[in-house]
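My notebook is open, and I am going to look up a few things one by one. First, I put the structure on the page.

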Amino acid sequence: MRFGPKEIIDKNGRKVILRNAEVEDAEALIEYLKVTTGETPFLIREPDEVTLSLEQEQNFIKDKIDATRELMLIATIDGKHIGNCSLMTIAPYKRYAHRCDVAIALYQEYCGCGIGKIMLQTVLKVAKNVGYEQAELEVISDNYKAISLYKELGFEKCGHFPNNMKYADGKYADADWMMKKL
């Protein structure tokens, strides 16, 4: 789906542009995945698992633009990609049509500036406007800052997954499933 652009101001007074990802953003999005997976243990893959080709990422972006109920929202400052927030359907079945999945990540240097909160609020509003009734997400159980934000936005913990992820060093991380009625 197409969105924006929408201008916001972060806590540091910087102008942030929110808009849907475009095919031209593919290279920056691949680099973003490589960097953010190395910056935090809270994402689902290891940095060396980011093996998307430019063509694969371009096709993924095209699919999101063409979708009527999905959105890849990106944030930029001075034209530089700083993070993204996605809205995706859970499954293509009528019985799941009321549910959507949301996910967000920012480069670490932009966390804590209010950008993620505004991005999530924006995506949740879009989700409601396109007919979703509930938004869901999965979060690592000790990602306290993210959980605090999700609770502030009205998400509630609905389930717990022990040993949800296993890191390269052999340690495990639990995850929580959270949901918000729209």
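Is asparagine 163 buried, partly exposed or exposed? I looked up its relative accessible area, which is 46%, so asparagine 163 is partly exposed. The cut-offs I use are these: buried is under 20% relative accessible area, exposed is over 50%, and partly exposed is in between, with a 1.4 Å probe and protein chains only.

**Ground rules**

I note that this is a predicted model, where local features need pLDDT of at least 70 and side-chain atom pairs count only at pLDDT 80 or more, while totals for chains, interfaces and linings use all residues. Residues are numbered from 1 along each chain as its sequence is written, and side-chain values use heavy atoms, with hydrogens and water left out.

**Backbone entries**

I stay with asparagine 163. It lies in strand β7. For the element names, I take helices (H or I, at least four residues) and strands (E, at least two) as DSSP runs, numbered from the N terminus.

Next I looked up aspartate 78. It too is not a glycine, yet it has a positive phi of about 50°. I find aspartate 78 in the loop between β3 (71–77) and β4. Its relative accessible area is 78%, so it is exposed.

Then I went to the peptide bonds. Glycine 4 and proline 5 are joined by a cis peptide bond, with omega about 10°. Proline 5 is in the segment before β1 (6–9).

**The largest pocket**

I looked for empty space. Rolling a probe the size of a water molecule over the atoms shows where such space is left. A pocket, on a 1 Å grid over the protein atoms alone with a 1.4 Å probe, is an open set of points with protein on both sides within 12 Å along at least five of seven lines; lining residues have an atom within 4 Å of a point.

What is the volume of the largest pocket? It is about 1500 Å³. That volume is the space filled by probe spheres set on the grid points, which are joined across faces, edges and corners.

I find 48 residues in the lining of this pocket. Leu43, Ala103, Ile104, Ala105 and Tyr150 lie nearest its centre. Among the elements that each supply at least two lining residues are α1 (26–39), β5 (99–106) and β7 (156–166). Which element gives the largest share? I write down α4, with seven residues.

By class, the lining has 27 nonpolar, 12 polar and nine charged residues. Here Ala, Val, Leu, Ile, Met, Phe, Trp, Tyr, Cys and Pro count as nonpolar, Asp, Glu, Lys and Arg as charged, and the others, Gly among them, as polar.

**Helix α4**

I turned to α4. Its residues Ala146, Ile147, Leu149 and Tyr150 are buried. They cover an arc of only 160° around the axis, so they are on the same side of α4. The arc is that of the directions from the helix axis to the C-beta atoms. On the other side, Tyr144, Lys145, Lys151 and Glu152 are exposed. An α-helix has 3.6 residues a turn, so residues three or four places apart point the same way.

I checked alanine 146 separately. Its relative accessibility is 14%, so it counts as buried. Alanine 146 and leucine 106 are 40 residues apart in sequence and 11 Å apart in space, C-alpha to C-alpha.

**Rings and charges**

How many aromatic pairs does a search of the whole structure find? I get two. In one, the rings of tyrosine 32 and tyrosine 107 have centres 5.5 Å apart and planes at 85°, so this pair is edge-to-face. Rings of Phe, Tyr and Trp (its six-membered ring) pair if their centres lie within 6.5 Å; planes under 30 degrees apart count as stacked, over 60 as edge-to-face and the rest as tilted. Tyrosine 32 is in helix α1 and tyrosine 107 in the loop between β5 and α3, so the pair ties together parts 75 residues apart in sequence. Tyrosine 32 is buried, at 3% relative accessible area. Tyrosine 107 is buried as well, at 9%.

I also looked for charges over rings (NZ of Lys or CZ of Arg within 6 Å of the ring centre and within 35 degrees of the ring normal). The charged end of lysine 80 sits over the ring of tyrosine 107, 5.3 Å from its centre. The charged end of arginine 69 sits over the ring of tyrosine 132, 3.8 Å from its centre.
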